Amino acid sequence: MRIGVYVCHCGGNISDVVDVKKIAELAGQQNEVVFVRDLEHTCSEEGQKFILEDIAEHKLDRIVVSACSPLFHEKTFMKLLEKAGLNPYMLEMANIREQCSWSHPSKTTATRKAEDLVKMAIEKVRFDTPLERNSIPIGKRVLVIGGGIAGIQSALDLGDAGFEVFMVEKEPAIGGKMAQLSKTFPTEDCATCIIGPKLTDVATHPNIHLYTYTEIKDVKGFLGNFTVTLTRKPRYVDLEKCVSCGICAEKCPVKVPDEFNLGLSERHAIYIHNAIAVPRKYLIDDKACRQLNGQRCGICQKVCVQGAVDYEQKPIEEIITVDTIITATGYTPFDASLKAVYGYGKFANVITGLQLERIIATGSSGPPLRAIGNRIAFIQCVGSRDEQVERENCSRICCMYATKLAQLVKRINPSREVYVFYTDLRAYGKGFEEYYKRAQTAGIKYVRGRTAEIQEDPITKKLLVRTEDTLSRQIIEGEFDLVVLSNGLTPSASTDQVADILKLARSADGFLQEAHPKFRPVDTLVDGIFIAGCAQGPKDIPDTVSQASAAAARAIRLMNKGIYEIEPITAFVRPHLCDGCEKCIGICPPKAIQMENGKAVVNGALCKGCGLCCAYCHTEALDLAYYTTKQLMAEIEMALISKKDEETRILIFADNTCAYRLADNVGTARLSYPAETRVIRVPSSSRITPKMMLYAFAKGADGLFIGECDYKASPYSNSGESIKRNIGIVREILDEIGSDGGRINFTELLASLLTDYYKTITNLIKFAKKEAKPLTKEMREKLLTYTDRLFTTTRKESE
Amino acid sequence: MIRKMIINNQSEEFHRKIKELSGEILTLCDQCGTCTGSCPMVIEMDITPSQMMRLVLLGDEEVLEAKTIWICASCYSCTARCPRGIDASKVAEALRQIKQRKAVDYLNWEDVDIEEAKELPQMALVAAFRKLTG
């Protein structure tokens, strides 16, 4: 073994505080370290050249770089190692900038901590093994879930680029919410006129397979190999034979409210979804149809000249395999009846924005669906920005769609008086402000204030609206013929359903969570699954279309190469140790572990490398590459080796996504915190087994701070639960030997909350020093013997 | 005291009338307050020019009782600076006209002491009668 250590000055960022020469000297004294060099800028071209030459000259086989955070330059040095012919995973970084020189102003303290960090890195690098990045083949088949404008755009982009698209829509026709709109803001293009051609494009595209009236039943597998089970609901009308002449519907004796017109009109039990439906085919509503509900009827079958009606159709299951998935499951308008003070569903003249869209859209070519009167009020933020109905988010589009609808109704009849009651008017998009001004010019009266209540005159059915105009600070009351509720956007039921099937994370507002809000806005945390449109959050049509194209591009990025490289930091099994208890199968978040011949086997393509499973494995058969038990134990030992008896020392286990980043951010902000801390980096703190925690205490730790991503930001679902379980086991033991379980702190963190970090550390140190029950030398020795007992505990759990 | 304003045909008619007389699109006002900040007379007023604009938009006839419309010197500072291009001076003028057309005498010529009147500048006297009599 020939280890090379580099100590970076970082142009004074490190060397002004940390004694770099001393660190280099210390590194040189460590076993098997054959070469040490300190460099002004290790990451610079010049610095990298030195390393390249040194590796060749001194035949170095593993490298430690003591410099900045690995989150900053790990990739740089990995590439360098590859260039030098070494495996990139034979690298460790000691973070002596963010964690030392930037966070501890005292030279002696910072240098002392840096010494430990370098020793930890050297100890860890000893056990590094070459890891191979496996590549798996990936095809060109994409599943697009949802046939709204988002799904349509993604599908067309992918289809045009030569990829094979399977579009699944649960409704009988594609087009989604956009097909229901009258016009689109701010340009006032007719919605059906601009979406119509796109619907036809989808239906006739040689690369797009369209599955309407179909639901996703199940999805298994992973990027490059998703197996999707679809349920095609019976239409009871043969898609091939139906020529959509409409005679069946004319003769059908049953009438039910038409969902497409939001109950403002009626349709028959055999019906066509809407006027521009694609596919333009009839279907039977099996809840309304007499024949299908045991009554005698059969009229439609009799009148159909094509013989297309088939009452015997059954749901069909179909299985397809795809390589990537785009989720475009859209939104559902907020159920306005939940906002009881506005009387939606109770008062005849209170309608929603989407209902008015239908009234205007159908009004241009036929009799209006209903009268709308002369004095009209729009009420904004219904189901948005309102804790009363548990919807805190802004729905983004309501200000503008109300502005549009207000203008349209005023234009149809200029003598109408139109008022918009709003909380804040948000006209943020391109052309929106100008559009808002146009509405003002047209005489729309904007009144700033959220309407408190509506009362209905029982005889005239007119509505008394009561609002404060917060600009003139007086109560405004008026009698209106019609109140239009600008209801917000909520995640659709299908979004929930599909998120459960695909195991996608959701943000606090219930919409799908993107992998990163800034840099990965259309990716999800599951590789190969993307989001587009309102499934991710409320947005208007241009934003939806941009996002849909982005999702298509991201999917193409994965598929176009034909192979996909898998990160080799995954769990692995030592088969001779595995006793087939199957404990790991259920707890693995991405379900990457399977049993084969009585032994657990990890699927490297699915494994996200969190290491959660390892803590559950009572035979220690499971381990995590690059973060092996041996390596972490070595790090723990080195982190405590310099501790003097009178000192207090806290170990911090920091997950790579949030806690480690947070520690970095605290350093970057030059916030000084107690130097009694040593950070050990892990992919997720669920990797830390009870044995490791006990070992830390046995070796001298006075407290453990286990930091993990807040579940909303975490790439691994339910890691918090596992950590709590692991901590529980150790706390019990600590209490039992007479010490204090409170010495372990578990905090779910976000990388941005700098004060959380500082507070937790100082509180924990204070607690360990003064308040906690003592942890004596004898107790520490006793703890070492507890590992056996530990296994019994986990064994009991698995029984 | 908090006032309550009723929106009805009368309020909308009032709004229309001011719109017609002033030639200004009253609904364009964003309530940014530039007019008030620019007004050299605002300290003397009981409601600010932007408040006047607000009441006019709502069709609140109470605005006719405000001193503001009489204190307005028609200096056009507000007009020059309005980001929405509204001429608030014209709105004030429209309000004065409506008030005047209601033919209410605030100044009774019989109350004016002839001797005192002789001392006053004639322009002021004429202006006062023009402004304060119906």
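A residue is called buried here if 20 or more other C-beta atoms lie within 10 Å of its own, exposed if 12 or fewer do, and partly exposed in between, with C-beta atoms placed from the backbone. Helices (H or I, at least four residues) and strands (E, at least two) are DSSP runs, numbered from the N terminus.

## About the model

This is a predicted model, in which local features need pLDDT of at least 70 and side-chain atom pairs count only at pLDDT 80 or more, while totals for chains, interfaces and linings use all residues. Residues are numbered from 1 along each chain as its sequence is written, and chains are lettered from A, and ligands numbered from 1, in the order in which they are written.

## Domains of the two chains

Let us start with the overall layout. Domain bounds come from an automatic or database domain assignment. Chain A is divided into domain 1 (1-133), domain 2 (141-232 + 323-330 + 492-559), domain 3 (247-314), domain 4 (332-490), domain 5 (567-624) and domain 6 (627-799). The centres of domain 3 and domain 4 of chain A, taken over C-alpha atoms, are 34 Å apart. Four residues from domain 3 and seven residues from domain 4 take part in the contact between them, where two residues are in contact if their C-beta atoms, placed from the backbone, lie within 7 Å.

Chain B has domain 1 (9-102) and domain 2 (105-134), with 26 Å between their centres, again over C-alpha atoms. Its secondary structure comes to eight helices and one strand, in the sequence pattern β-α-α-α-α-α-α-α-α. The C-alpha atoms of chain B fill a box of roughly 50 × 30 × 30 Å along the principal axes. Of its 134 residues, 28% count as buried. Among contacts in chain B between residues at least 6 apart in sequence, 63% join residues at least 24 apart.

Helix α13 (residues 493-502) of chain A has the buried residues A:S494, A:T495, A:V498 and A:A499. These lie on the same side of α13(A) because they cover an arc of only 130 degrees around the axis; the arc is that of the directions from the helix axis to the C-beta atoms. Their cover includes the chain A strands β6 (141-145), β11 (214-222), β18 (324-327) and β28 (489-491).

On the face turned away from this buried side, α13(A) carries the exposed residues A:A493 and A:D500.

## A parallel sheet in chain A

Two strands are said to pair if DSSP finds at least two bridges between them. In chain A, five strands form an open sheet in the order β10-β7-β6-β18-β29, with parallel pairing. β10 (208-211) and β29 (529-531) stand at its edges with a single partner strand each, so one side of each is left without a neighbour in the sheet. From one strand to the next the twist averages 20 degrees; axes are lines fitted to C-alpha atoms, for helices over the stretch in contact, and angles run from 0 to 180 degrees between N-to-C directions.

Three bridges link β18(A) and β29(A) in the parallel sense, and A:T327 stands opposite A:I531 in β29(A). Helix α14 (residues 541-559) of chain A packs on the sheet, where α14 touches β6, β18 and β29 of chain A and its direction makes about 170 degrees with that of β18(A).

## Strand β21 and its partners

Strand β21 (residues 375-382) of chain A is mostly covered, with eight of its eight residues buried. β21(A) pairs in the parallel sense with β22 (residues 417-422) of chain A over five bridges, and A:I379 stands opposite A:F421 in β22(A). From β21(A) the chain passes through helix α11 (residues 398-412) to β22(A) in a right-handed β-α-β crossover, that is, with the strands pointing away from the viewer, the path from the first strand over the helix to the second runs clockwise. β21(A) also runs parallel to β27 (residues 482-487) of chain A, joined by five bridges, with A:V382 opposite A:N487.

## Where the chains meet

Here 17 residues of chain B are in contact with 15 residues of chain A. On the chain B side, β1 (4-7) and α3 (49-58) are the elements that give two or more residues, and α3(B) gives the most, with five residues.

An open sheet of four strands includes strands of both chains, in the order β24(A)-β25(A)-β26(A)-β1(B), with mixed pairing. β24 (453-456) of chain A and β1 of chain B stand at the edges, each with a single partner strand, so one side of each has no neighbour in the sheet. Strand β26 (residues 474-480) of chain A and β1(B) run parallel, joined by four bridges, and A:I475 has B:K4 as its bridge partner in β1(B).
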